[in-house]
Amino acid sequence: GDLIKRAANWGHRAIAITDHGVAQAFPDAHKAASGIRKGGQDFKVLYGVEGYLINDTDSAAHGLAGLGKDSTYVVFDIETTGLSPSKNEITEIGAIKVVDGEMTETFSQLVNPGCPIPYNITQLTGISDDMVRDMPPIDEVLPRFLDFCEGAVVVAHNASFDTGFIRQKATDRGLEFHNKIVDTLRLSRELFPENAKHSLDAVAKRVGVSLENHHRAVDDATATAEIFLKFLDMIREAHGGEAQEVNIDTKPALIKNPKYHIILLARDYTGLKNLYQLISKSNLKYFYRKPIMPRSVIEK
């Protein structure tokens, strides 16, 4: 109420309430706005909530069910000087082209990042300044890699990291990178929801794929390609070759997928009622963590 009165005093005509996952502020907001309007000032409250979105219809396995092995894929991995696509550089790109279910071509290139490689990164990847000193810069390597990927679906483990770097470096150089993307990390979470670990080495061990020289791009890409082909077989077998409807009701394990913040605002009183129902349903039906019960209830 105090915040709304302050906004009105500053001359604002409206204010939006978007609390995290709840509507507890709505009664106070309504009371304060009503008082302001009674005083003759035009003022409106936009009732909303900051929700938590899981795109349960965007299933990685569901999307692949209709593609199968007859599509062309480029399974790739990169090594970098750090975690930020805008601040750090690529030191290696490794990729395997998969055509009709067979690994046909390899792309492997060390990249001169134009800056020293941090000690901890060298310890992790084994790539040192000496190894990249005489290597071509990303300006030369990236166009060749994008040509290698032309017309293919690109695949990576934790793809948002690898594709984020490629997209950033392509954008910086006026190049385009709009390939369809498949993430074997997401596939692993969907196919093995009972498992907690989905790192590349954990998944490789789970499905019987050898992973040597971990954190070298072409070796990681090769292992990811073998994992991906096994996943394709599992998906085709599970779906019988047909894409099936997938959502959080047909596959409850999707509730554990990554969550994204979303702002919802009620347009009118019907929308406000719907918003209340969404909040209630999300807490009563879709909240996957077990609530903490009082000892008295447990004992009963």
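Modeller: Contact here means heavy atoms within 4.5 Å. By that rule, residues 24 or more positions apart account for 71% of the contacts in the chain with a separation of 6 or more. This is a predicted model, in which local features need pLDDT of at least 70 and side-chain atom pairs count only at pLDDT 80 or more, while totals for chains, interfaces and linings use all residues. Residues are numbered from 1 along each chain as its sequence is written, and side-chain values use heavy atoms, leaving out hydrogens and water.

The chain has 300 residues, and 41% of them are buried (under 20% relative accessible area, with exposed over 50% and partly exposed in between, using a 1.4 Å probe and protein chains only). It is built from 12 helices and eight strands (DSSP runs numbered from the N terminus: H or I of at least four residues, E of at least two).

Now the core itself. The largest nonpolar core holds 26 residues (buried Ala, Val, Leu, Ile, Met, Phe, Trp, Tyr and Cys joined through side-chain atoms within 4.5 Å). L64, Y73, I227, F228 and F231 have the most contacts inside this core. Two or more residues each come from the strands β3 (72-80), β4 (90-99) and β6 (153-156), and from the helices α8 (184-191), α9 (200-207) and α10 (217-239). The greatest share is that of α10, which gives 10 residues. Leaving aside residues up to four places away in sequence, F228 touches L64, Y73, V75, V155, V182, T184 and L187. Another core, of 23 residues, lies apart from this one; F107, V111, A152 and A159 are among its members.
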